[in-house]
Amino acid sequence: MNRKNIHSDPKAYQTLADQVSPNSKMAQMLLRSFWVGGVICVLGQGLTDIGRLVLKLPSSAASTFASIVLVFLTALLTGIGIFDKIGQYAGAGSFVPISGFANAMVSPALEFRREGLVLGLAAKLFTIAGPVLVYGIGASVIVGLLYAIIRW
Amino acid sequence: MSNKRIGMQTINLPSKPYIIGNAAIVGKKEGEGPLGEHFDKVIEDEMNGQESFELAEKSLYLEAIDTCLQKAGIQADSIQFLLGGDLLNQIITASYAARDLAVPFIGLYGACSTMSESLGLGSMLVDGGHASHVLCAASSHFCTAERQYRFPLEFGSQRTPTAQWTVTGAGATLISSAPGRHPLARVVQISFGRVVDLGIKDANNMGAAMAPAAADTLCALFRDTKTTAKDYDLILTGDLGKVGHDLLLKLMQEHGMPLDDQHYTDCGLEIFDRESQDMHAGGSGCGCSAAVFNGFYLPLMAQGKYRRLVLMATGALMSPTSSQQGESIPSIAHAIVLETPKEGA
Amino acid sequence: MDILMYLKAFVVGGLLCVIGEVLVVKTKLTPARILVIYILTGVVLSAAGLYGPLADFAGAGATVPLTGFGHALSKGVIMAVQELGFLGAFTGGLTATAGGISAAVFFGTLVALCFKPKAKG
């Protein structure tokens with residue numbers, strides 16, 4: 001028995017499925033992610049300036065200050081159930097900035113709290129953000145080692 | 001034996017078991033949809049007074065069963081089998097609900113095809129004389145499915161236009177060898193489906209993944225029983241949604257067994273108003289066909305508005321593990337042919 | 001504080017997000033993968049000396065998107081290597097980004113303890 005004969009051609013079917021499936025409204029999605037992403041960065045710029053000019057922080061500390069405040073705001077908006085609506089509207093506009101990183105940590109922690117404080121909340125904190133840290137830190141160590149070898 | 005099988009895939013039920021009880025309990029969003037008034041109960045919030053979404057789903061499942069028994073006027077201890085399932089790992093909703101019911105339980109997993117899978121097997125148990133009362137139930141819950149299959153609820157991700165919305169709802173059907181007080185329908189034939197996979201991998205496009213399985217089973221039913229779409233008042237698929245619905249029309253056309261748009265619809269398209277409720281491609285989940293079939297179509301069959309109806313719930317048989325390992329989505333569909341109990345209708 | 005800086009932050013930050021959106025729609029990559037791609041891109045571009053000028057030009061427009069997180073890792077590790085040699089390769093990245101990570105862990109835990117997940121709708 002030809003096992004394949006209950007299937008027709010997957011390639012042809014994929015083409016048919018693509019024809020029938022509605023496309024994302026590209027222009028609208030790009031515009032939304034542009035303005036929301038832009039606004040979050042402007043907020044970051046404002047916070048950096050507050051750090052620099054009001055709190056008299058050095059510039060790298062000022063941008064850390066901005067990150068911390070943005071992370072706090074995202075965590076709060078995630079907790080009260082607003083951030084997912086922003087995400088649905090803005091897509092990459094809200095997950096590409098540091099707010100996306102914070103939301104990626106808070107949302108699974110919140111969701112899996114029922115499964116306990118250790119293997120639920122604490123472990124799930126890193127389900128989405130963990131890979132980001134692993135590859136980010138890993139890459140930075142490689143950069144550091146290469147740089148150290150060049151200098152040596 | 002000979003009169004109980006037709007062709008390759010279809011089973012004939014000479015005794016035509018009766019459906020004598022039905023119930024559908026749904027969530028708030030489903031209650032706000034076009035079929036809202038037809039459901040037995042609409043819960044106010046997704047937790048339904050429970051401590052977790054999983055427990056909430058179990059409570060929906062139990063409420064559907066209780067309501068079904070009450071409406072049929074049957075005591076729980078006369079139920080000889082409970083057949084059912086849901087979408088969660090190890091079908092915990094159905095198993096934990098069965099723990100509370102203390103009746104022999106056959107747990108089933110057919111993803112979103114569970115309602116037809118359980119109806120098919122339940123009718124066979126009754127037709128075979130192995131039971132006089134069999135209860136079938138299936139459920140899904142948006143929040144439990146979302147956290148198992150996709151992202152946490154509060155994660156800000158975008159839904160694509162082909163994505164479907166998991167229905168929060170449960171449905172229960174009581175099958176019996178006797179007509180009881182109010183027979184709703186009779187089960188005549190069943191075509192159990194084969195697993196079909198045409199290589200779709202996009203978990204946000206379940207309709208496209210499942211349409212070939214629906215087409216395969218429907219063709220088998222038509223071939224085995226020598227019928228065409230015209231022989232049925234309505235063909236009702238489970239949760240193909242807009243994309244799968246359109247693909248099934250195209251596939252059946254290609255197979256030379258065209259469906260008539262007037263006599264074919266999908267529960268996933270019926271349960272929500274896709275435009276005003278922002279539902280993208282429509283509803284999905286075991287609860288989708290379970291609630292729409294039990295809440296809306298069974299009463300219409302009892303009235304004789306539909307004389308012959310095919311319920312064909314479809315299921316996507318992947319798991320998060322298989323998706324992460326890059327596997328495509330295998331799918332299945334089971335078709336149940338039902339007749340109105342009204343004589344001469 | 002100058003207005004032009006805000007305009008630049010808006011445009012550059014917005015564009016970085018638009019690139020992410022194009023990736024989402026065209027490649028169907030999950031947000032998690034896109035975040036990983038962004039942070040790696042940031043680390044590499046920064047190490048190549050390309051991201052620094054962008055950060056000087058656009059301020060938060062370049063540092064707030066996740067590529068900026070990668071940039072901070074790279075910048076931190078290079079400074080630490082200058083100070084400590086090989087050891088710096090292992091301390092610089094996390095030291096530079098400690099604020100953001102600790103904040104996310106701390107506030108994440110706090111919020112998870114204080115709030116309950118809500119159904120969408």
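Let's start at the end of a helix. In chain B, helix α7 is followed by Gly256(B), whose phi is positive, near 75°. Helices here are DSSP runs of H or I with at least four residues, strands are E runs of at least two, and both are numbered from the N terminus. This is a predicted model: local features need pLDDT of at least 70, side-chain atom pairs count only at pLDDT 80 or more, and totals for chains, interfaces and linings use all residues. Residues are numbered from 1 along each chain as its sequence is written, chains are lettered from A and ligands numbered from 1 in the order written, and side-chain values use heavy atoms, without hydrogens and water.

Back to α7(B), residues 241-254. Its 14 residues should span 20 Å at 1.5 Å a residue, and the end C-alpha atoms are 20 Å apart, which agrees. The expected span is 1.5 Å times one less than the number of residues. Which residues of α7(B) are buried? Among them are Gly241(B), Val243(B), His245(B) and Met252(B). Buried means under 20% relative accessible area, exposed over 50%, and partly exposed in between, with a 1.4 Å probe and protein chains only. The buried residues pack against α1 (10-20) of chain A, and against α6, β11, β12 and α8 of chain B. Contact means heavy atoms within 4.5 Å.

Another helix of chain B, α2, covers residues 53-72. It reaches 29 Å from first C-alpha to last, close to the 28 Å expected. Gly73(B) follows α2(B), with a positive phi near 70°.

Next, chain A against chain C. Two packed helices are described by the angle between their axes and the distance between the axes. Axes are lines fitted to C-alpha atoms, for helices over the stretch in contact, with angles from 0 to 180 degrees between N-to-C directions. Take α8(A), residues 129-151, and α6(C), residues 86-114. Their axes come within 8 Å and cross at roughly 140°. By class, this contact has 11 nonpolar, three polar and no charged residues. Nonpolar covers Ala, Val, Leu, Ile, Met, Phe, Trp, Tyr, Cys and Pro; charged covers Asp, Glu, Lys and Arg; the others, Gly among them, are polar. Phe86(C) and Ile101(C) are among the α6(C) residues that meet α8(A).

Now α8(A) with α5(C). These axes come within 9 Å and cross at roughly 35°. The contact includes Gly136(A), Ile137(A) and Ser140(A) of α8(A), and Leu73(C) of α5(C). It has 12 nonpolar, five polar and one charged residues.

Zoom in on Leu73(C), in helix α5 of chain C. Is it buried or exposed? Leu73(C) is buried, at a relative accessible area of 1%. Beyond its neighbours within four places in sequence, its contacts include Gly136(A), Ile39(C) and Thr97(C).

One more residue: Ser107(A), in α6 (98-111) of chain A. Ser107(A) counts as buried, at 0% relative accessibility. Leaving aside neighbours within four places, Ser107(A) is in contact with Thr78(A), Pro152(B), Glu154(B) and Phe155(B).

Last, confidence. pLDDT is the predictor's confidence in each residue, from 0 to 100. Chain C has a mean pLDDT of 94, with 98% of its residues at 70 or more. Chain A has a mean of 92, with 95% at 70 or more. Over residues 1-6 of chain A, the pLDDT is below 50. Where pLDDT is low, the predicted coordinates should not be read in detail. For the complex, the predictor gives an ipTM of 0.94 and a pTM of 0.93.
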